[in-house]
Amino acid sequence: MNKRPINAGPGSASRPEHQQPAQNSEPGQPRFAPDALDRRPVRPSRLGYNAGMLAVGIIFIAAIYGTGMDARALLDLPASIIRYGQLMAAGVFQIPDETVAGYWSQSFDAMFESVAIAWVGTMVGALFSLPLGFMAARNMSPLPVYVVVRFILSVIRAVPEIIFAIAIMLPLFGFGSGGGGALAGAMALGISSIGTLSKLISEAIEAVDGGPLESSRASGSNHLQLIRWAVLPQVMPEVIAIWLYRFEVNIRASAILGVLGAGGIGSLLSTVFGARDWDRIGIVLVVIILVTMVVDQISAFIRHRVIHGPTVRHGGGEPQEDDGGAPGPGPGPASQAGTSVEKDPAPKSTRAAAGL
């Protein structure tokens, strides 16, 4: 009968006899014979990873040759950029005479037409997206309405605004700057905006705090009153920010639709590019960049103002969020009167809100 050694360790009773601790083992030697658990972990094979990377490279090369791309043109790309950049810069920096001033004026007029098309399209999308957003929110609509509206919005989002313009709007309303072309572009942007805006608004509605909703229901509010007093105050800043961001996207999209015949700066760019008039192409591109950057900055300022509220400067100090009249860190009336922070009678919470 085998005798289990004293202090042989946990599990020693069930350990096979050949794995029992070696009697009188020398210092530094393992007490037990190595088994499967004592082996070093096997390094995972990189065969799958290498095969995957090789497949990606083969597909990339096959796509280039399958579409007939001339990869050698990439070698001439730096020289081409310099050559055409010089041609366009010559138009932008030429001495402004009456003819050049007319080019600039025509470009700004066309760009403002694109901005107007984007604005009308955004307004159409905003008008329909708010009610559809509530109908597509699971916490605001019954299941049948939710499913149907979500399906319709998915179909709208699946069709790009370019397809809307080419296949539906331009044949219905006409082509060219002004009149039918501009209306076709605005309607294409508006319908496309409905799908995206409604989806984003519905997600914002589903993420509202449930506390005000429960309070409104407990006070006996009907569904419309619940939307007016418990949901809209929570989501409207985010909804307005979404509308403004979509306006920025629509400005760029309206330029693309103009190339297809929807008017605006895109139509002018298509005309001058067809004539290879690089002087005017440079002017048109500069106008597009300038107006787009200005609109983006204005939109970003409004969105920040809507989401974060007003920023108030107190006596030359750092800008502070609107704290309802709490004293600021700058030289205010208290500091002018020689009142120290320790002697400030305002509560600690008010001083903390003021950054003191």
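Predicted model: local features only at pLDDT ≥ 70, side-chain atom pairs only at ≥ 80, totals over all residues.
Colleague: How do helix 2 and helix 10 cross?
Modeller: The axes of helix 2 (residues 77-92) and helix 10 (residues 278-308) come within 7 Å and cross at roughly 75°. Angles of 65 to 115 degrees count as roughly perpendicular, so helix 2 and helix 10 are roughly perpendicular to each other.

Colleague: Which residues make the contact?
Modeller: From helix 2 they include Tyr84, Leu87 and Met88. Among those of helix 10 are Trp278, Ile281 and Leu285. The contact residues divide into ten nonpolar, two polar and one charged.

Colleague: How many residues does helix 10 have, and what follows the helix?
Modeller: Helix 10 has 31 residues and reaches 44 Å from its first C-alpha to its last, close to the expected 45 Å. Glycine 309 follows helix 10, with a positive phi near 80°.

Colleague: Changing topic, how many aromatic pairs are there?
Modeller: The count comes to five. Tyrosine 84 and tryptophan 278 form a tilted one, 4.7 Å centre to centre with 40° between the planes. Tyrosine 84 lies in helix 2 and tryptophan 278 in helix 10, so the pair ties together parts 194 residues apart in sequence.

Colleague: Which aromatic cluster do Tyr84 and Trp278 form with Phe273?
Modeller: Tyr84, Phe273 and Trp278 form one aromatic cluster. Tyrosine 84 is partly exposed, at 32% relative accessible area.

Colleague: What about tryptophan 119 and phenylalanine 247?
Modeller: They form an edge-to-face pair, 5.1 Å centre to centre with 85° between the planes. Tryptophan 119 is partly exposed at 42% relative accessibility, whereas phenylalanine 247 is buried at 10%.

Terms used: Residues numbered from 1 in each chain as written. Heavy atoms only, no water. Axes fitted to C-alpha atoms, helices over the stretch in contact; angles between N-to-C directions. Helix = DSSP H or I, 4+ residues; strand = E, 2+ residues; numbered from the N terminus. Parallel < 35°, antiparallel > 145°, perpendicular 65-115°, else oblique. Contact = heavy atoms within 4.5 Å. Nonpolar A, V, L, I, M, F, W, Y, C, P; charged D, E, K, R; others polar. Expected span 1.5 Å × (residues − 1). Phe/Tyr/Trp six-rings, centres within 6.5 Å; stacked < 30°, edge-to-face > 60°. Buried < 20%, exposed > 50% of the residue type's maximum accessible area, 1.4 Å probe, protein only.
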